[in-house]
Structure formats: C-alpha cells, structure tokens
Amino acid sequence: MAERKPIESWLTDMDGVLIHEGIPIKGADAFLSRLRESGKPFLVLTNNSMQTPRDLHARLARMGLDVPVDNIWTSALATAQFLDDQRPGGTAYVIGEAGLTTAMHDIGYVLTDAQPDYVVLGETRTYSFEALTRAIRLINNGSRFIATNPDETGPSAEGPLPATGSVAALITKATGQEPYFVGKPNPLMMRAGLNKIGAHSETSAMIGDRMDTDMLAGLEAGMETFLVLTGISSPAEVDRHPFRPSTVVDSIADLVERV
Ligand SMILES: [Mg+2]
C-alpha cells in the first residue's frame, strides 16, 4: 500500500464531529485550539445551507468553540461558487434562507422569478406551497435545477426533520428533472474547499461521522479520511460499505495529537 504524505491541512464536518444536538463534543475545543495554533489551513464543513458563516461562527462561539468565519465552508457557499464559475452574473430563483440568499448576492447573482437561469433549492424551515409551485413551473419552462445538498432529513432535538433532499424529490416528481446536488457527497464541495484554503488533496485529511457522505466525498477527492463514532455511522455500518475510511477513531479527542 502506498504511504500517504504527512497531513498539512484539515477539513472536518461539524455535526456529529465537533457538536452534537447543540452540545460540543469532548475534545472539539482542544482540536480547534491546536489547529489554530498550528497555523495549518483548515475548514469546518456543513451541508446545511440555512445559516451564513457569521451565524455559524456565533452559534459555535456560544458553545465555546472558536472557528473563524473564514474557516467555515457551507453547501450554500459551495453552490454559489459553483454557479459563479459556471455562469457568472446569472439569475436565480432561490428557495432558502439567509445562508443561501446572502451567498448568492455575494457572487453578484440577481434573485428573480422572471425566467431565471437556475432554480436553486436550499434548506428552510418554512417551505411554502406557493414557492414550490413557482419553482416547478420555472423548471418546466427551462430553468436549470440546482440543490445545495442531498440530505433527506436533518437532526433536531424532537427528531428528524425533512431536509433539502426530500423537497428536491418532490420537485423532481413534479417536473421529471433531477437536480445537480453540490454538497457532500459530491467531491466538488471538498475540492472547492481545498482550493479556498490553498491545500492539496494528497496532503489533506477529512474528518466526518458519516460513511455515505463525509468518508465517500473525502475518498473521492483523494484525501486521507478519519471516521469518528460520535455521530451517525457505527462500526458495524463501516464494514457494510464497499469502501473504508483510512482510520476509524472513537472521537475528535483522538485526533488532537495528529495535528
Ligand atoms: Mg455530520
């Protein structure tokens, strides 16, 4: 087996790795401190497109975790960057919240429902029948269908919530059009993140709690992968997959010394 090069930059998932149901996971603070002190490039990733990096920074700070705004990479930012590369200065009809609409404004997109280039679907807690109807009609009329992430459900204290992937499925059913999903497990989100911090995949690591998104995306982007067992995936589940992470550890606390 070819030996990997030393790790010079780190990407880590947020939910299930650093925090769980609003509470920091033991070792997350020490890991982040060590990263900041090391001067190594790093990013904290989330597939959730609802919040802006500033919102997420504040949310993490309230839990005692210090992640600078520039070190946060969301599926909303990745989607906006993808569209900026594909069709700069375009137009879009957006279903989503501030995390997505701010990212779209920041790349100079005009948000409109008048024959937009794209319909862009993100996470929201207030899906309206009217907005979905408009999105469906625009896609039928030729707008291209993009979704920030394929997650079918999201976590909440009361139980799972329907998420972007489920709403995308509704629109697909009504239009016959599949969206292009930008977030994990699309390795595009990892590659764009690596570019943002000037990192190379062969000297970068991805930490996550899900085999089907974090580990798959890290693997396909050519990164070293670390699975933590503080979130979704269990050791039994790891073995069922046709691919495996480079290393399985109990939690982020086991990776502090690796930075
Ligand atoms: Mg996670």
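Helices (H or I, at least four residues) and strands (E, at least two) are DSSP runs, numbered from the N terminus. In these terms, P68 sits in the loop between α2 (53-62) and β5 (72-74). The structure is a predicted model, in which local features need pLDDT of at least 70, side-chain atom pairs count only at pLDDT 80 or more, and totals for chains, interfaces and linings use all residues. Residues are numbered from 1 along each chain as its sequence is written.

**Overall form**

The protein has 9 helices and 15 strands. Its radius of gyration (taken over C-alpha atoms) is 18 Å, close to the 18 Å that the globule rule (2.2 Å times the number of residues to the power 0.38) gives for 259 residues, so the protein is as compact as a globular protein of that length. Along the principal axes, the C-alpha atoms fill a box of roughly 55 × 40 × 35 Å. Buried residues account for 48% of the 259 residues; a residue is buried if 20 or more other C-beta atoms lie within 10 Å of its own, exposed if 12 or fewer, and partly exposed in between, with C-beta atoms placed from the backbone. Two residues are in contact if their C-beta atoms, placed from the backbone, lie within 7 Å. Among contacts between residues at least 6 apart in sequence, 68% join residues at least 24 apart.

**Domains**

The protein is divided into domain 1 (9-47 + 184-258) and domain 2 (76-181), with bounds that come from an automatic or database domain assignment. The C-alpha centres of domain 1 and domain 2 lie 26 Å apart. Each domain contributes to the contact: 8 residues come from domain 1 and 8 residues from domain 2. On the side of domain 1 that touches domain 2, the residues divide into 3 nonpolar, 2 polar and 3 charged. Here Ala, Val, Leu, Ile, Met, Phe, Trp, Tyr, Cys and Pro count as nonpolar, Asp, Glu, Lys and Arg as charged, and the others, Gly among them, as polar.

**Nonpolar core**

A nonpolar core is a set of buried Ala, Val, Leu, Ile, Met, Phe, Trp, Tyr and Cys residues joined through C-beta atoms within 7 Å. The largest such core has 69 residues, of which V119, V120, L121, I207 and I252 touch the most other members. Helix α3 (residues 75-86) supplies the largest share of this core, 6 residues. Domain 1 and domain 2 both give residues to the core, so it lies between them.

The loops hold several local features. The peptide bond from K184 to P185 is cis, with omega near 10°, and P185 lies in the loop between β12 (180-181) and α7 (187-196). E21 and Q115 each have a positive phi although neither is a glycine. The table gives their values.

| Residue | Phi | Loop | C-beta atoms within 10 Å |
|---|---|---|---|
| E21 | about 50° | β2 (19-20) to β3 (23-24) | 9 |
| Q115 | about 45° | β7 (110-111) to β8 (118-121) | 11 |

E21 counts as exposed, and Q115 is exposed as well. P68, with 12 C-beta neighbours inside 10 Å, also counts as exposed. P68 and D209 are 141 residues apart in sequence and 22 Å apart in space, C-alpha to C-alpha.
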